[in-house]
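Colleague: I have a model open and want to learn how to read it. Can we go through a few features together?

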Amino acid sequence: MENRPLATCAGDQALFSSVYSILMQQLPREPMEWRRSYGRPPKMIHLEANFVQFKEELIPKEGNRALLTFPFLHLFWTDCCDTEVYKATAKDEITKWQNILKAYSSSDWLIVVVESDAKKKNKTNILPRTSIVDKIRNDFCNKQSDRCVVLTDPLKDSSRTQDSWNAFFTKLRTLLLMSFTKNLGKFEDDMRTMREKRTEAGWSFCEYFMVQEELAFVFEMLQQFEDALVQYDELDALFTQYVVNYGAGDGANWLTSFCQPVRSWNGLVLRKPIDMEKRELIQKNKATLLDLRSYLFSRQCTLLVFLQRPWEVAQRALELLHNCVQELKLLEVSVPVGALDCWVFLSCLEVLQRIEGCCDQAQLENNYCHTVGLWSYATEKLQSLGYLCGLISEKGPNSEELNRTVDVLAGLGAEHPETANSPQSPYKTLNEALSSVQAFEKHYLELSLTAFNMYKTIGQIRSAQLLGKDLADFYMHKGEPQKASLYLQEALKTYQTEGWTLLTAHTRKQLAECQKQLQQTQNYLQTSSLLASDSNLTDMERVHFCQEILDLAQQPVNGQGDRLVLPMDGFVQLQRLCFNPACAVVHVGGYLDIELTVNSLMPLPMHLNQFSIHLHLTVSKDPSKRSSEFGGRSRNASGVFVFPSEPSGSTLPRNSQPSVELYELYDRSLSDSTLNSSGIICKNMHLLLRRQESSSSLERPSELPLDDTAHTLRTSNILLQPGANIIHFNTQAKEAGIYTLRQLSASLGIVQFTLPHIYPIVQYEAYSQEPQLKVEPMTDSLLAGISQQVKFTIQTGHYCVKNGDALQLSITDTLPILHSASSTATVSTNTGDKVSEAPLSIQSSGKITSIFLPLAAAYHQIEFELRVICHLPSTLPTPPDSERPSTETRTIRKGLEKTKVDGPCMTSIEQKITVDCPWSIYSSLVSLTFNIPFNAKHSLLSSGRRKYLQVCVHNLSEIGFQLFDPQLEEVTKYSDLTLVSLNCLKQQHIYSKQAMFFLWELKWSQDLGASLHCQFSVAFTPLTGQEPGLIKPFTYELKLDNFCTLYDVKAEIFPPLGAEMCKTGTLCNLEVSIMRLSDLTEVDKDESLVDCDGYCTTKLMYEVVDNSSNWAVCGKSSGVISMPVAARATHKVHMEVMPLFAGFLPFPDINLFKYLPFQASQSGQMETDNWMENDTLSVDRNLDEQVESSSMRSRGSSHSSSSNEHRGIPMPRLLPFSSGQVFNTSSNMQILVIPSQDDHMLEVNVT
C-alpha cells in the first residue's frame, strides 16, 4: 500500500464499501490550497487518503511521533432513516464512537448520512430526512453543524447526486487538510524542540534522524518532493557539521558509533526507493559512516529523480564521495587497504547507471559536464587499485598483490539482488577488472578514454590533459613509451600555455625519459636543455641534464646535415645590448661595436665554438637620405636595449607566436608631397598567421631557418659561465641601409642553438651622405651696418677634402667679408669629437672670395666663422603705408597711441651669395637677411613764419648704439637758405627700442621754391665697440613741399556786453581773424586765383569745429570769403558761441580750405571722376573731424550722396593747405568759463 494520509471509517461498513471506489477516484481530482505557518508560501496539492476500518488501536498514544500511521480524520457512515432505529441502535453507535475519540482528544471527525429513495418507498411512516439529520446535529453537532453531511443516492447518476457528492468532497478535503496541517505543525514543533536539545548529554542523532525522516516521508506522501529533499539536506548538513567539529577537537559522544571500522564496501544502492536494511541499522544505532552516507544519498537520489533533476544527482554524488574520504580521515576510521577505492569505484558506476536508467542517450551526451567527473573519479580509483594489486606492470602481480586482491574482493560481499541480473553491474565490472591484467587494461582504458573524450567534448582541455598524463604513466609502466609520449606532449602544451611551471617541469622529465627510450636524440637534447635551465628542478637534476647535452654535443660531425638545431630559449637568455656609438648610426666604411649581455641558464660552463648574429638589410630608395622612420622607432638615445626578462623555467613555448612588428606607412602625392593616406602595416604577418598544428608537440624541434646571407656578425671560442656573460662584436659598414638584428645562433659541437626572432626590434643604420653646406648667423638676426658673425658648417659626407679645395663665394660690394688673421677652421667627426684645427686662408679677387678648406676625411665636419658687414643703402626702402612717416603734426598726435602699441618694424635687406663647392659642378645660392637697426621720420614745426625741421631716429634692434655727428644737408641748393642746428650734444647713446630727436631751424630771406629736398645723416657705432671706420653713417632723405606760411588764423572769444567773464549757457562773441602773411607766390597761382587789373584775390572756406563738444556754435559756422593776395591783408568773421561747461575751455578748432570753383573739361563734358575724387576727399576729412555744425552736416551729407543723387551735377571743390601753410595762433589757447549762478550742479571741464 502506498503511503497516504490515513482516515478511519466507522458505522455501516457495507455502505462505506459501496462508495469506496468513488471516494478513491474523486478525492484527488480537485487541488486544494495548502497554507502553512512561519510565512512559508502556499501550495496547491492533490489530497489522497487511505480509508481503513475504525479501530481503537489505530489512534496513537501520547508521545507517538509516527505520522505515517496517524489517522488524520475519522468518518462515521450511516443510512438510518427511521426514528425508531435511530433511537435504538444508530444513536448508541455514534455515541460510543465519539466517546472513544474524546478519550484520545481527537476532534477531527465527520458523520456522513446516506439517503436512498428506495428506502423511502419501502418505509411509509418514516419522517422526512431532515428530521434524522437535524436530530444527529442536535445530539452530536451542537457547535459544529458542518461536521454532519448528507449524501443523496450516491450510486445514482443525477444532478442532485452530483451536488451532494461535490459538497461532501469539499467538506472532506477541507477537514482532512485542516487536520493534516494541525498535526504536521505539532510534529514540526516537537522535532524542532528535539533538535534544540542536541547539545544535551544522551542526545542521539540516529533517533533524531528517524524523526526528521518521518517528516520527509510525509512530504513525499503528499508528493511535495522538494520539501522532502530539504529535510534530508538538513540532516546531511547537521551530520557534516558534527564531523567537522569532531576533526577540530569538539566531538559529540554519539559520533563514536560511526567510528567503527569499515567491514563492508559494497558501494551505494540507488535502485531501491528505500534501503530498509541500512535504515534498520540507523534505527538501531549500528550503522557505520558509509552506511549512513549511503542511505542518506539514496534517499536524496530518489527524490531528485522524482523532481527530474538527475544531473544534480551526479553533482551531489561527486561531492559525497570526496567528502566521505575526508570524513573517514577526520573520524579516524580504520579502513582496509583498497576498501575505500572499491567503495568509490562501485558508487561512481552505480550513480552513472542510475542516471542512464532515467535519461536517453541524447540527454546524456548533452550533459557530459555533469557526469564526466564521476567517470574520471572512477578511472582514478581503478588505477589506484591496479597499482595496489600489481595489475599495472610488465611482470604482472606477485603473491602479496594477489592476496591483497582477494582481501579487497572479499569485502564486497554478495551482489545486491537488484543488480544480479545485470550483465554490466558495478559489482561484476570490478570483479572482472581485478581478475587479470588483460581484463584490467581493458576496463581501465575503456574508462579513461571515455572520460578523456568527454572532457574534450565539453572543452575542459586542462582536465583532459591531466587524465592523459595518467594514461602516459600507465603506458610507461607497461613499457610503451611511444603511446605515453603523445599524451605527455598534449599535457605539456596545456601546462605551458597556462603557466603551470611545476607541472611543466615534471611532465618534461617524463617526456625526456620517453624520448631517451625511443632514441629521439634531437628531441631529447631540446628537452634536456629546457630541464637543465629549469629552476624548479634540483641542482643535481639540472647538472644531470646539462651533462647529457655536453656528452651528445661531443659526438663527431659527419656533415652539415648531422647538426642538431635547437631553440636558444632554454640555453641562454638575452639581457641587454649596447651600441658604440650610442646613436647606432655609422657611415659607410665606419665601425660599430656591439656589446651583447646574455644570461647562461646552464648550471655548468659551456664552451661555444661560435656565436653569431644574423642581420637583415633594408636598402633605402634614396641612400643619400637618413632613414629616420626606421631608426626613430628602433633606436634610443642611450644606445642600450634591455630585453624583457623571463624567469628560468618560463612556461612560454619556444615556437610560440612572435611579437607583432608594426610600422607606420605614409602615402604621399608625387607632385606636391601632400599626405594622401596613412596606415599601419605588420611586417611579420607571415609568422603570425601561420597555421598552428593542434596535434603537434610544443617541444618538437622544428626546423628553424636562419637567414643565410653575407650580413652576419661572428665571434669564436667563447666560454659561457653560468649567469651573466658579455660577448663583443665588431663590424664595418660596407653598404648603406638599415640593419635589423633578426636571429642569433650558438654552436656547441654538433648542436646549434638558434633564436629565430629578437624582440624588441634592434636596428642600426649605415648611411651614405652627400656633402652639405650650411650657412647660419651666430645671432638671432643679422643687423645691417655693423659687422656680424656668420658660421659655415660643411658636412663632408662621402667626399674627402683635399689640399687646395676652396669655397668660391660670389658676393656684392655691399657685403664685404672682413678678413682676420686669427680665423681658424675646426675639423671634427660627425659625433662632435674634435680632430684638428687649422688657420683659415681667405683670398679675394674682384667679386670672388676664395676660402681654402683644411684637409678632412669623409664623414667629417668642418666649421669656421666669418665676419661680414652689410652696408646700409643710401636710400632706405619705402616702408608700408602704415609705417610711412607723416609730415603733419596733427596726424602724428593722433597716431601716437597706435605707435606705442604696435611699434615700427625693421626693414630687411636680403643678400644673395653664390657658393661654388669643390664637390659639385653646380653652384649653391645662400640667402642672408639683414635688418636695418634704425627707422627715421621727420615733421615740420611752425611758429608764425619761422620753420623748424625735426627728425626722429628710432632704434629697433636689441642692442644699444652711440650716435654722433648728426648732419642735415640740402640736396636742392638754395643760396639764401640756412639750416641752423639746434642740437647741443655731439654724441648720444640710444638704447634698444628708444627714440632720439634732432632739430634744425630753416632761415631764408628771399622766397624759396615750392619744394625743399634734404638728406639727414648720423654716424653710429655699437656700444659693444667696433672700428668706426668700417661703418657707414645712417642716412635718411626727406622732402618738404609748400612749407612757407601763407595765412595766420587767430581767434578771440569775448564775454557778452556788461559781463567780465564768460558763463556757461551764455552766448559769447567769437572773432576769427584771417591774415595774409605774404604777397603773391607761385603757390597761389591755381584755379582759385582771380586777377582783376593787377588786384588778385582768392576764395577761402573757413569752418569752426569743436570736436571736444565744449562749445555750441550758434548760427553759421562756416563760409566762403574772398581774400586779397597781399601781405597783411586781413579778413575777420564774427559769430556767437555758447560754452557748455565751466572751467578752462580750449578754443574751437578753425579749419581753412581753398575753395576751387567748378571747371568743365575741354570737350565740354563734366569731369565727374575728378569732382568725385576731390569731393570724396573733402567728405572723408569732414567725417574724420566729426563736424557737428548744421552747415557742415548739410555739406557733408551733400558730398556723401554725390555719388548717387548728384552724380553729374557740377559742384565746387575744397583743397586743403599743405602742412605749414596755415598757422593757427590761437591753437592750444584756453579761456576761463565760470558757471552760472542758478546752477545747482557744478560741472567743471579739466583739460
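Modeller: We will take confidence, then a strand, then a surface patch. Keep in mind that this model is predicted.

Colleague: What is the average pLDDT of the protein?

Modeller: pLDDT is the predictor's confidence in each residue, from 0 to 100. Here the protein averages 82. At least 70 is reached by 85% of the residues.

Colleague: Where does pLDDT stay under 50?

Modeller: Residues 693–704 are one such stretch. The model gives them 29 contacts beyond four places in sequence. Residues 1160–1207 are also below 50. That stretch has 65 contacts beyond near neighbours in sequence.

Colleague: Now strand S1. Is it mostly covered or mostly uncovered?

Modeller: Buried means under 20% relative accessible area. S1 spans residues 6–11, and five of its six residues are buried.

Colleague: Which strands does S1 pair with?

Modeller: In a regular strand the side chains alternate between the two faces of the sheet. Pairing is another matter, so look at the bridges: two strands pair if at least two are found between them. S1 pairs with S5, residues 71–78, in the parallel sense over six bridges. There, Gly-11 has Trp-77 as its bridge partner. S1 also runs parallel to S4, residues 50–53, joined by four bridges. Ala-7 has Phe-51 as its partner in S4.

Colleague: Which residues make the nonpolar surface patch?

Modeller: Val-660, Leu-662 and Ile-680 make it, over about 300 Å². Val-660 sits in the loop between strands S13 and S14.

Notes
Residues are numbered from 1 along each chain as its sequence is written. This is a predicted model: local features need pLDDT of at least 70, side-chain atom pairs count only at pLDDT 80 or more; totals for chains, interfaces and linings use all residues. Side-chain values use heavy atoms; hydrogens and water are left out. Patches are made of residues with over 30% relative accessible area and no salt bridge: like charges are joined within 9 Å, nonpolar side chains (Val, Leu, Ile, Met, Phe, Trp, Tyr) within 5 Å. Accessible areas come from the Shrake-Rupley method with a 1.4 Å probe; for residues, only the protein chains shown count as cover. A salt bridge is a side-chain nitrogen of Lys or Arg within 4 Å of a carboxyl oxygen of Asp or Glu. Helices (H or I, at least four residues) and strands (E, at least two) are DSSP runs, numbered from the N terminus. Buried means under 20% relative accessible area, exposed over 50%, partly exposed in between (1.4 Å probe, protein chains only). Contact means heavy atoms within 4.5 Å.
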